[in-house]
Amino acid sequence: MEFMSPNRLVGRFAELVRREWNTFWLATVGTVLMSFAIVALTIPYRFAGAGLAGIAILTKYVWNISPAWVIAFGNVFLLGWGWKVLSPRFVLWTLYVSMLTSGAVAFFELFSYPMLQDEFLAAILAGVFGGLGIGLVFRVGASTGGTDVIVMAARKRWGVDVGMYSFYINIAILLGSWFVVDLEKLLLGGIALYVESLVIDSVLKSFDRRKQVTVITSKDDEVRRFILEILGKSATVVKAEGAYTGDERMMFIVVVNRRQAMELKRFVVSVDPRAFIVLSDVAEVVGEGFKHWKHI
């Protein structure tokens, strides 16, 4: 990646925002939620953390340095290290999220927050808010920086496995927290990170979750019209033959949302009580009428 002056960098980012407005506002909301989780639900309880944010939290505990500074300078250093091998989009969005995280953390530090008596509940909430924020950032293909920069650059340079090395780095940071926080806080931090990972996964899947409905029926004309005219969807139609009876019937395969799946099921049963219907969950759909391949 060629060197860009600050003015050119700002211009490139402004162009990126105009082209990816949805990415901009979702990354912004996600970053604010993640920053709130750090300041209001992690630091007051001295929970351990992972990644660059985990290191920033430790510096707060040991030297009372605001995590905003560590996150900002840490990400600038890491992006500088991986500048030449990372894509311009990755660098620009990571830089934006990093700077916004630093600003949001500094802003939330201006306020005091009520302490929960139940620290386990606080760890759960930290995981929920943090996971929701990070999930929104990941959802639009942006990055929170930190270990993401390390593993992405390492993959480009040395071909390492991203998931494995990210796991190892985060575990090392989490275990290193034992020298600063006690075992109970370390375990509660681990619980928060586990909940965070579950919420991230849920956020990434929930936006694209659909139902795939497979219908085998003798009333193919009625079912075809209902799918096309009432649901406003298309379907794949296959001629099917029963293995036992040898009867030929039409098989419809269609991907719809949950509400449309129930509408289709009720309609099919009403016109053909002997129809065979299979409903299955679909995590992601790419193609016309759904997510465009450029947004993967």
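**Entry 1: a tryptophan**

Is Trp63 buried or exposed? I found it exposed, with a relative accessible area of 61%. A reminder to myself: this is a predicted model. The cut-off for exposed is over 50%, so Trp63 at 61% falls into that class. I placed Trp63 in helix H3.

Next I looked at what goes with it.

**Entry 2: two positive phi values**

I then checked the backbone. Most residues other than glycine have a negative phi. Asn64 has a positive one, near 60 degrees, and is not a glycine. I found Asn64 in the loop between H3 and H4, and its relative accessible area of 55% makes it exposed.

Arg46 is another non-glycine residue with a positive phi, here about 55 degrees. Arg46 sits in the loop between helix H2 (21-41) and H3. With a relative accessible area of 34%, Arg46 is partly exposed.

**Entry 3: the sheet**

In which order do the strands of the open sheet lie? I read S2-S3-S1-S4, 4 strands with antiparallel pairing. The edges are strand S2 (236-241) and strand S4 (276-282), each of which pairs on one side only. On average, neighbouring strands are turned by 20 degrees against each other, direction ignored.

I took a closer look at one pair. S2 and strand S3 (residues 248-256) run antiparallel and are joined by 6 bridges. In this pair, Thr236 stands opposite Ile253 of S3.

Two helices went into my notes as well. Helix H10 (residues 220-230) lies across strand S1 (210-217), S2 and S3, and runs at about 15 degrees to S3. Helix H11 (residues 258-271) packs on the sheet and touches S1, S3 and S4. The direction of H11 makes about 15 degrees with that of S1.

**Entry 4: salt bridges**

How many salt bridges are there? The count comes to 4, and I followed up three of them, listed below.

- Arg89 and Glu20 form a salt bridge, with the closest N and O atoms 2.6 Å apart. This pair links distant parts of the chain, 69 residues apart: Arg89 is in helix H5 (residues 88-108), and Glu20 is in the loop between helix H1 (6-19) and H2. Arg89 is partly exposed at 28% relative accessibility, whereas Glu20 is buried at 16%.
- Lys185 and Glu119 meet through their side chains at 2.6 Å, N to O. Lys185 belongs to helix H9 (residues 183-206) and Glu119 to helix H6 (residues 119-139), 66 residues apart. Lys185 counts as buried at 15% relative accessibility, and Glu119 is partly exposed at 24%.
- Asp281 pairs with Lys211, the closest N and O atoms being 2.7 Å apart. Here the link is between strand S4, which holds Asp281, and strand S1, which holds Lys211, 70 residues apart. Asp281 counts as exposed, at 56% relative accessibility.

Technical notes:
Residues are numbered from 1 along each chain as its sequence is written. This is a predicted model: local features need pLDDT of at least 70, side-chain atom pairs count only at pLDDT 80 or more; totals for chains, interfaces and linings use all residues. Side-chain values use heavy atoms; hydrogens and water are left out. Buried means under 20% relative accessible area, exposed over 50%, partly exposed in between (1.4 Å probe, protein chains only). Two strands pair if DSSP finds at least two bridges between them. Axes are lines fitted to C-alpha atoms, for helices over the stretch in contact, and angles run from 0 to 180 degrees between N-to-C directions. Contact means heavy atoms within 4.5 Å.
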